[in-house]
Amino acid sequence: MTDGRADATGGTEADYYRPETVAAACRRLHEADGRARVVAGGQTLMPLVRQGLVDADAFVDVSAIPELSGVAVADDRTSIGATTTYAELARHDLSDRAAALGDACSVVADRQVRALGTVGGAVAHGDPTFDLLAPLCALAASVELADPDGRRRVPLGEFLVGHLRTDRRENELVTGVTFDRLDPERAGTAYERHAAVESGRATAGAAAVVTLADGAVERVRVACSAVADTPVRAHAVENDLVGGPATDAAVATASERAPEDIDPIDDEAGSAAYKRRLAATLVERSLLSAVRRAGGSP
């Protein structure tokens, strides 16, 4: 069903559409020629609309599109639909196998935001302080998009091009994220963050994905959030750990290199120097948890 009515989204006068297919949603976005906003849970967009920071001629509500909802785990690939909420993701078995996702979903804002806020909304907004982005970056996730001419898949690291800026075109719809399935016998993941008391937003966050082989680190990916314009991989930490022992000492030494790949700024959450120290601590904690969840004992 496609419905049009005014004043249905936070008291605005914009038109409101609620398509039931991806194709119909893409047509609405194309017809609006950049003047329509995509909404599902509304936990990010609607506060901005009410504050007058975002305007639009139309809203395309994608929450009734079945294709965009839920988690699918295949033999070698995992997919999360764009309208899957934080709460749904936290309850899914996937958050046991990729625990960093559950860690992140459990600390997002409050119960209302977790019940209504969506994975697609977090990805499409591109806010580097959003908790879910660092785990997805560490999982080497890709973003799936659709427009009237077809579909494409973009690595998350290429999709997030700057602070609140993404590679999404005006007539494109984020349909979900996808990443390689982890080996449940040898891989572990974790997310750690520190948040400002007043805002609840992450001052810094770190996610780790570790795969072990005979007590050594076979593969490792570490991503930091809220310490640069986009979530960033801590390559210096990864390079220090891979191929070496998965020990407490090795993790501590490698984590000290976390500041080499981040670029925090001074703001109300803290100084850049403080965030560099904080990031190193959070990287160490996330790595230790990930190693334990992979079956190691640092």
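Author: What follows covers the sheet, then the protein around it. The model is a predicted one. The sheet is open and has four strands. Their order is β12-β13-β14-β15. The pairing is antiparallel. Two strands stand at the edges: β12, residues 187–195, and β15, residues 232–233. Each of these has a single partner strand, so one side of each lacks a neighbour in the sheet.

Strands of a sheet pair through backbone hydrogen bonds, and the pairing may be parallel or antiparallel.

Now take the β15 end. Strand β14 spans residues 216–225. Two bridges join β14 to β15, and the two run antiparallel.

Next, the setting. The protein has twelve helices and 15 strands. Its radius of gyration is 19 Å, close to the 19 Å given by the globule rule for 298 residues, so the protein is as compact as a globular protein of that length. Its C-alpha atoms fill a box of roughly 60 × 45 × 30 Å along the principal axes.

Burial comes next. Of the 298 residues, 50% count as buried. The accessible surface is about 13500 Å². Carbon and sulfur atoms hold 44% of that surface.

Contacts can be read by sequence distance. Among those between residues at least 6 apart in sequence, 59% join residues at least 24 apart.

Last, charge. The protein has 32 positive and 46 negative side chains. The centres of the two sets lie 2 Å apart.

Key:
Residues are numbered from 1 along each chain as its sequence is written. This is a predicted model: local features need pLDDT of at least 70, side-chain atom pairs count only at pLDDT 80 or more; totals for chains, interfaces and linings use all residues. Side-chain values use heavy atoms; hydrogens and water are left out. The radius of gyration is taken over C-alpha atoms; the globule rule is 2.2 Å times the number of residues to the power 0.38. Buried means under 20% relative accessible area, exposed over 50%, partly exposed in between (1.4 Å probe, protein chains only). Contact means heavy atoms within 4.5 Å. Accessible areas come from the Shrake-Rupley method with a 1.4 Å probe; for residues, only the protein chains shown count as cover. Lys and Arg count as positive and Asp and Glu as negative; His and the chain ends are not counted. The place of a charge is taken as NZ of Lys, CZ of Arg, CG of Asp or CD of Glu. Two strands pair if DSSP finds at least two bridges between them.
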